[in-house]
Amino acid sequence: MLDGGNCCTAVEADPQQPLILERAEKEPEKKWHTVVSHRVKKHCSCSPEKVKSKILSFVPILQWLPRYKLKDWILGDIMSGLIVGILLVPQSIAYSLLASQDPIYGLYTSFFSSIIYAILGSSRHISVGIFGVLCLLVGQVVDRELAVAGYLPESSFGSNNSDALLAGQGNSSNVECDRSCYAITVGATVTFTAGIYQVLMGLLQVGFVSVYLSDSLLSGFATGASLTILTSQIKYLLGLNVPRAQGWFTLFKTWYSLLTNMAETNICDLITSLVCLAVLIPAKELNDRFKSKLKAPIPFELFVVVIATVASHFSHFNSKYGSGVAGVIPTGFAPPQLPAWTLIPNVAVDAFSIAIVGFAITVSLSEMFAKKHGYTVDANQEMYAIGFCNILPSFFRCFTTSAALTKTLVKESTGCQTQMSGLVTAAILLLVLLVIAPLFYSLQKCVLAVIIVVNLRGALRKFRDVPRMWRVNKIDASIWLITMATSALVNTELGLLVGVLVSAFFVLGRTQQAQVLELGRAASREHYENVSSYRGLQTHFGVAVFRYGAPIYYANQSLFKKSLYKCANLNPVKEKAQRLKFEKNKKQKDTEEGAKGMPEDKQNRESEASSSVILMLDEKSSRSVCSLVIDCSGILFLDTAGVNALKEVRKDYRELAVEVVLAQCNTSVLDSLERGGYYDSKKDGEVGKNNMIFFTIADAVSYVQNLNVPNGDCDNKS
């Protein structure tokens, strides 16, 4: 303790008196309209400094670009932007296949998202663009809406791209929108709606929701979706014209269609797929093995695309062997068009799940790389950035984007310093869009499918980690397995929902599994721990100390009482029931015997026998335990049911002459007890006992040892 002078003086505490602390005065609760008015004034007030701060925080490029270290950073940014741009060309074309779109739209998507995120993103390292899981989700919605609109499954995409662009130049045109045009209209509408969701979540400051999507949940979801992606690409590897399955259990439906149509396999596509797989898989493994020695990964995908395109063009794979090719890829940009407003109700639910997945992936990656490089990112700003990466490009026939792990790893490992590398990537894609794109006319779809399949290696390797995950944490492994299985075998979007629900179920389940533990005192100091976990702990005669390591609320309050009664080996409810039953039977028997005229000496013997039975019950309940001390240090909060449970425990035990006191309650628990009337002395009639607050277990034990037990049966020696 500190005295009034300048020196520090130690004051010995009275061992007979418990520690007493005075609570600080609470600020009076403000009325709701006062709080609302204050917040409105705070957020709506305007000053030049505040306007400048808002603009700089909303457009991060205005903060880092003026401080850009040209000599130190430009080389790394150019190198990483160039490498990522080269990798994005074949991947953008390939993932268009997964999203049921023409190749040109994948290039559009990567181009616009790279520019917008460079301007609005708060992460220096992540690469935003096409992502396989989102492409799959968008493709499922597109195929569903195409079927609803009456479009027949297309045997080869991209065969009429120029007509599609012409048809989609304006809703006022009389030209009927063909299948390709309608597909990108659906994809752009989904993208626009998902972006609106993300921006609204940013405005509502709900970026914290990302913490509820655990790593095991996201990893299981991505792995399950990867199995679905792999299955969806088998038909292109075999050259089969099989429509994409819709609804639930698409994995089984797709494999059934593949097996029933296996006889129609295109030999040219099959051979090309096998050759490309034989080249790309070892090449990717070499890149991974020597990534520490290589300044940049070798772009084997681009080499395979170029060689396969040349071979297909000069060997006439399309005309001679019926191999599906990319078709016409126009140069330049089509004029912007509005989303199809009438489609928004149809895709609103799908867009919401897509928005959540895109945001969660982006935030998790941005936070991971920010932590690695020692800076911070704003989750709400990331919500804005990824939202506008979807809203603005949707007017230019783009589909949904998010951060992608593979390209982010490449970007970070090749010297990226800022999002200037994203602008370099956009310049590479612009060159392709304006000049090079038509050269990919003869590129086979099976080659694109191989690129997608090879890029799934990382997610599929997670299966090898399952035994280790199970050994480390069975709950996280269970969440991973359930989410993965639901995403792959039932439905992709349902897998995310099931994963969230299962995670919440396990969190609640942990509070249901908490048990009351008996504590003992260490021999050398005033410290209490679980007697079943440590040796040499001492217990007090007549005083039992227990700890409960979970909140007490409506869902587990009955389990708390049951566990406490079991651990204390004294159930007051059963004890009272036995006493009432015995007294009732005794009274009834006395009445019957009295009516029959029982002799006086026999009545005395019956009375003595009854008294001995009651004494035995008293000895069982009171002599072993006279007082209970409940350590509340592990109880984070109480609700009304929890407070009532503690009140019931105290009342039931007090009827057996057993005193119950609480120790080490945090301020939240104390406030809940006070509001719930636990310390209401008028109800219990014992002002001193009822209002005692013990900050240590030792104080509580010392206090109850010195109480005058009403029936005088307890020995107060410790």
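**Entry 1: the chain as a whole**

I began with contact range: of the contacts in the protein chain between residues at least 6 apart in sequence, 82% join residues at least 24 apart. I took contact as heavy atoms within 4.5 Å. This is a predicted model, in which local features need pLDDT of at least 70 and side-chain atom pairs count only at pLDDT 80 or more, while totals for chains, interfaces and linings use all residues. Residues are numbered from 1 along each chain as its sequence is written, and side-chain values use heavy atoms, with hydrogens and water left out.

I looked up the secondary structure and found 30 helices and seven strands in the protein chain. Helices (H or I, at least four residues) and strands (E, at least two) are DSSP runs, numbered from the N terminus. Of the 718 residues in the protein chain, 49% are buried. Buried means under 20% relative accessible area, exposed over 50%, and partly exposed in between, with a 1.4 Å probe and protein chains only.

**Entry 2: the sheet**

I traced an open sheet of five strands with mixed pairing, in the order β4-β3-β5-β6-β7. Its edge strands are β4 (528–530) and β7, each of which pairs on one side only. Neighbouring strands of this sheet are turned by 35° against each other on average, direction ignored. Two strands pair if DSSP finds at least two bridges between them. Axes are lines fitted to C-alpha atoms, for helices over the stretch in contact, and angles run from 0 to 180 degrees between N-to-C directions.

I then went through the pairings.

- β3 and β5 run antiparallel and are joined by four bridges; Glu518 has Phe546 as its bridge partner in β5.
- β5 (residues 542–548) and β6 (residues 625–631) run parallel, with six bridges. Phe546 has Ile630 as its bridge partner in β6, and Gly542 has Val625.
- β6 and β7 run parallel, with five bridges; Ser627 has Glu659 as its bridge partner in β7.

I checked burial next. Six of the seven residues of β5 are buried, and in β7 five of five are. From β7, Glu659, Val661 and Ala663 point one way, Val660 and Leu662 the other way, and all are buried.

**Entry 3: helices on the sheet**

I noted that helix α23 (residues 557–568) lies across β3 (516–521), β5 and β6, at about 45° to β3. Helix α26 lies across β6 and β7, at about 145° to β7. β6, α26 and β7 make a right-handed β-α-β unit. A crossover is right-handed if, with the strands pointing away from the viewer, the path from the first strand over the helix to the second runs clockwise.

**Entry 4: helix α16**

In α16 (residues 405–413), I found Lys407, Thr408, Val410, Lys411 and Glu412 buried. Their cover includes α4 (70–98), α14 (344–373) and α17 (420–436). Gly415 follows α16 and has a positive phi, near 100°.

Most residues other than glycine have a negative phi. I looked up two with a positive value. His316 has phi near 55° and lies in the loop between α12 (300–315) and α13 (317–321). His316 counts as partly exposed because its relative accessibility is 43%. Ala657 has phi near 65° and is found in the loop between α26 (640–654) and β7 (659–663).

**Entry 5: rings**

I found 23 aromatic pairs in the structure. The pair Tyr553 and Tyr554 is edge-to-face, because the centres are 5.4 Å apart and the planes at 85°. Rings of Phe, Tyr and Trp (its six-membered ring) pair if their centres lie within 6.5 Å; planes under 30 degrees apart count as stacked, over 60 as edge-to-face and the rest as tilted. Tyr553 is buried, at 7% relative accessibility, whereas Tyr554 is exposed, with a relative accessible area of 63%.

Ring pairs also link Tyr105, Tyr108, Phe111, Phe112, Phe333 and Phe396 into a cluster.

Last, I looked up charges over rings. The charged end of Arg124 sits over the ring of Tyr375, 4.2 Å from its centre. The charged end of Arg650 sits over the ring of Tyr678, 4.1 Å from its centre. A charge sits over a ring if NZ of Lys or CZ of Arg is within 6 Å of the ring centre and within 35 degrees of the ring normal.
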